[in-house]
Amino acid sequence: MKPTRHTADLPAWLQTTTTVTTATAKHQWWQRNQQHLRQLLSRLAQPTPVTVTTRWQIAPQFKLVRLLLLVILIAVSRNAILLWGLALLIGGQLLWLPPHQLRHFIKSWLISVAAALLFVLPSYWLAGPSTLLFFGLKTSLMLANAQYYRLTTPFQALLTGLKALHCPDLLIMTLAIAITYLRMLGQHLLLTMEALELRTVAPAAHPYRLIGALFGNLYLKSYAYALELYAAMEARGFNGHYARATTHSTHWRDYLALTPALIVWAVFIFWGH
């Protein structure tokens, strides 16, 4: 005979059925931030390749000088016609970009302009909409030149240009170490977020404390990385100075690349007088 179950003998907490509610918002928050962090780490590990033309290669220091000349000119210029000419100049340079790089430029440029409109340019509202429009045009042009340089120049070429221009070794070393250890800190932050997601059962009562703990732990890890890096570099005899690479001879196309920026500077100087 089949035995019968006596439910009366069971305790009350076993007879009650409870429904477990999953905190979907918490999981969505963790997954969304982890996805953004993984995309950032993949970009740092495998950056977007820069399309370099084989027929028209410019030395890195000349590209850096051209960027500085254009950015400084945009910053000091108060003539709307001259700014319009600089906009046509950057527009002509963008015509030589491949379609995928042009789409990436437009996306990155719009994001940077939107960030500038939110955090920098609202202070100009006090002077009127015309002042806001004028400084918005100048900020957009400076960001466009910076984005164009970023898309057409690898990070190693930036360091090479800084070395060729005899920049301080401390600045070059700081940039090289920052881009190297930024990925390591991002990987540590991703592992910490995954560990917290696995150990967190209920939503945090104070999420800002959790975020503060994350970045506090990240700061301590970066401090430990810095001490280990200093000990490793000291053990290898690094004295803070880079060995200067052999400088290649400049060509006429390097000076020709500076011609548009120099012409615009000449127009700005003689127009002012």
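Predicted model: local features only at pLDDT ≥ 70, side-chain atom pairs only at ≥ 80, totals over all residues.
Axes are lines fitted to C-alpha atoms, for helices over the stretch in contact, and angles run from 0 to 180 degrees between N-to-C directions.

Helix H5 spans residues 99–119, and helix H6 spans residues 129–152. Their axes come within 9 Å. The crossing angle is roughly 140 degrees. H5 is therefore oblique to H6, since only angles over 145 degrees count as roughly antiparallel. The crossing of H5 past H6 is right-handed. On the H5 side, the contact is formed by Gln101, His104, Phe105, Ser108, Trp109, Ser112, Val113 and Ala116. H6 contributes Thr139, Ser140, Leu143, Ala144, Gln147, Tyr148, Arg150 and Leu151. By class, the residues of this H5 contact with H6 comprise eight nonpolar, seven polar and one charged.

H6 also packs with helix H4, residues 80–94. Here the angle is about 25 degrees, and the axes lie 11 Å apart. Angles under 35 degrees count as roughly parallel, so H4 and H6 are roughly parallel to each other. H4 passes H6 in a left-handed crossing. Leu83, Ala87, Ile90, Gln93 and Leu94 make the contact from H4. From H6, the contact involves Phe134, Leu137, Lys138, Leu141, Ala144, Asn145 and Tyr148. The contact of H4 with H6 has nine nonpolar residues, two polar and one charged.

Terms used
Residues numbered from 1 in each chain as written. Heavy atoms only, no water. Helix = DSSP H or I, 4+ residues; strand = E, 2+ residues; numbered from the N terminus. Parallel < 35°, antiparallel > 145°, perpendicular 65-115°, else oblique. Left-handed = near helix turned anticlockwise from the far one by under 90°. Contact = heavy atoms within 4.5 Å. Nonpolar A, V, L, I, M, F, W, Y, C, P; charged D, E, K, R; others polar.
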